[in-house]
Amino acid sequence: MTDVTSAKSVRRPHHWRRDLVELAAMFTAVVVADAVAKLVVHGPDGPVVLVAAAVTLVATAAFHTWWARRHSHAPPPEPAGAEPGGAGDGTPRETVLWRMRTTVQDAPGSLAALCSALAALDVDILTLQTHPLGDGTVDEFLLRAPADLDAQRLTREVAAAGGTSTWTERADTHDLVDTPTRVLGLATRTALDAAELPLALRQLLGRCTIRSRPAQTLGGRPTGPVPPVEGVLEETLMRLRDPNGGTITVERPYLPFTPTEFARARALVELDARLGPRVPRSQDVLTLPEGNEITVRRADQGDVAQAVAMHERCSDRTLSLRYHGPVGDADRYLNHLLSPRYGRTLAVQTASGRLVALGHLLWDGDETEVALLVEDDWQRRGIGSELLRRLVAMAREAGCDSVYAVTQSSNTGMVAAMRGLGLPLDYQIEEGTLVVTARLDTAQLRRPAPRFEQAER
């Protein structure tokens, strides 16, 4: 993108020295021509003098052409004391990044007027995307602007240049990635892991709320109409058909979706549908202090049978602490919890292949929940803390600002595991139910002293 500031109208000073040189050259040429004419007519060496004059004339013309081109294309002089990109006193100019979206008329010159207004504010356009509409065009900019330029003035100047429905937001260096590269990266993540689809949609569309609704409740009743294959766009809300059944809703109240954004979201969902169920098969083998080996890996709906068997081996107290009440139809609950559409699940299995623990990272609209279940015979060995640490690391990698756990105030094991993360915690208790929230954006995750040994594969 060409620097908009270079388009700023600058009046060049009049080059009087160039005019003086041209005038002197003209008089010199007249004098030389008169002298040559007299020598040719009256002198004996007239032809020789004529050839020498021709050579001199050609050389003079070449020199004049070089001089004129050099000085006619010279850049305008900088104001006194100013340096390129500086503040006028030799110090670099302080700038900030902005994301801006505005709607302009679909008419010749509308974008040029907008760029001229930005140039007058000394704003540099880094990237530009256009979203065609039926009666106009939504232009989305990434801008580098002077630090003292506030959003109100930027919006006023853009409105004066013909922009309407203008929205601005501070950006950071992560936004410097061009759109095709970012979309390809999100498509790659979605192709590798089905659990990435909600996260990819959120990063593609900016700050928005994404919810996945299953086709049926846990009791087997339909949850509502399923959108058509092509999806539904309703200004600030889009509804897409979930490839796993049900509906994916994306809501962004502060900014309407454009048809271009809707098409991109549909393309990601279609990619997910064509690839089918998939979960990365990487796994870590750890050795417990007593010498037993366990394997930590991703789990999906193919592990429902083993998870049900583990639930049947757990005591009522353990299940009550996890689910806050009696557990019925565990297979239906687990089919939902192990779906990659609603989050990520880590499973712990023994050397014999028996499942003994589950850790869930669940997408809950704008928030993220963590939940743990460890079989009674395998509790108090650090398995829960290890699962929680890995889940929180996955949440941070996904861009989550916080995670929360819902448990009972008597569940000292879960509280101790949350405190062991070394993160700022908020506690909220009501009628025996405790919600512990860990903030991920203000501190580094503490890695506890190792209780396991990494086994060599």
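1. What covers the buried residues of helix α4 includes β1 (95–104), α3 (110–120), β3 (137–146) and β4 (164–170), where buried means under 20% relative accessible area, exposed over 50% and partly exposed in between, with a 1.4 Å probe and protein chains only. Helices (H or I, at least four residues) and strands (E, at least two) are DSSP runs, numbered from the N terminus. This is a predicted model, in which local features need pLDDT of at least 70 and side-chain atom pairs count only at pLDDT 80 or more, while totals for chains, interfaces and linings use all residues. Residues are numbered from 1 along each chain as its sequence is written, and side-chain values use heavy atoms, with hydrogens and water left out.

2. In α4, which spans residues 151–160, the buried residues are Ala151, Leu154 and Val158. Seen down the axis of α4, these buried residues fall within an arc of 65 degrees (taken from the directions from the helix axis to the C-beta atoms), so they line one face of the helix. An α-helix has 3.6 residues a turn, so residues three or four places apart point the same way. The face of α4 turned away from the buried side carries the exposed residues Gln152, Arg156 and Ala160.

3. Which residues mark the two ends of α4? At its start, a side-chain oxygen of Asp150 reaches to within 3.4 Å of the backbone nitrogen of Gln152, and α4 is followed by Gly162, whose phi is positive, near 110 degrees.

4. Five bridges join β5 to β8 (residues 247–251) in the antiparallel sense, and Arg213 stands opposite Thr247 in β8.

5. Gln216 lies in the loop between β5 and β6 and is partly exposed, with a relative accessible area of 48%. Leaving aside its neighbours within four places in sequence, Gln216 is in contact with Arg221, Pro222 and Thr223, contact meaning heavy atoms within 4.5 Å.

Key
Polar contact = N/O pair within 3.5 Å; in protein donor to acceptor, adjacent residues only side chain to side chain. Pairing = 2+ DSSP bridges.
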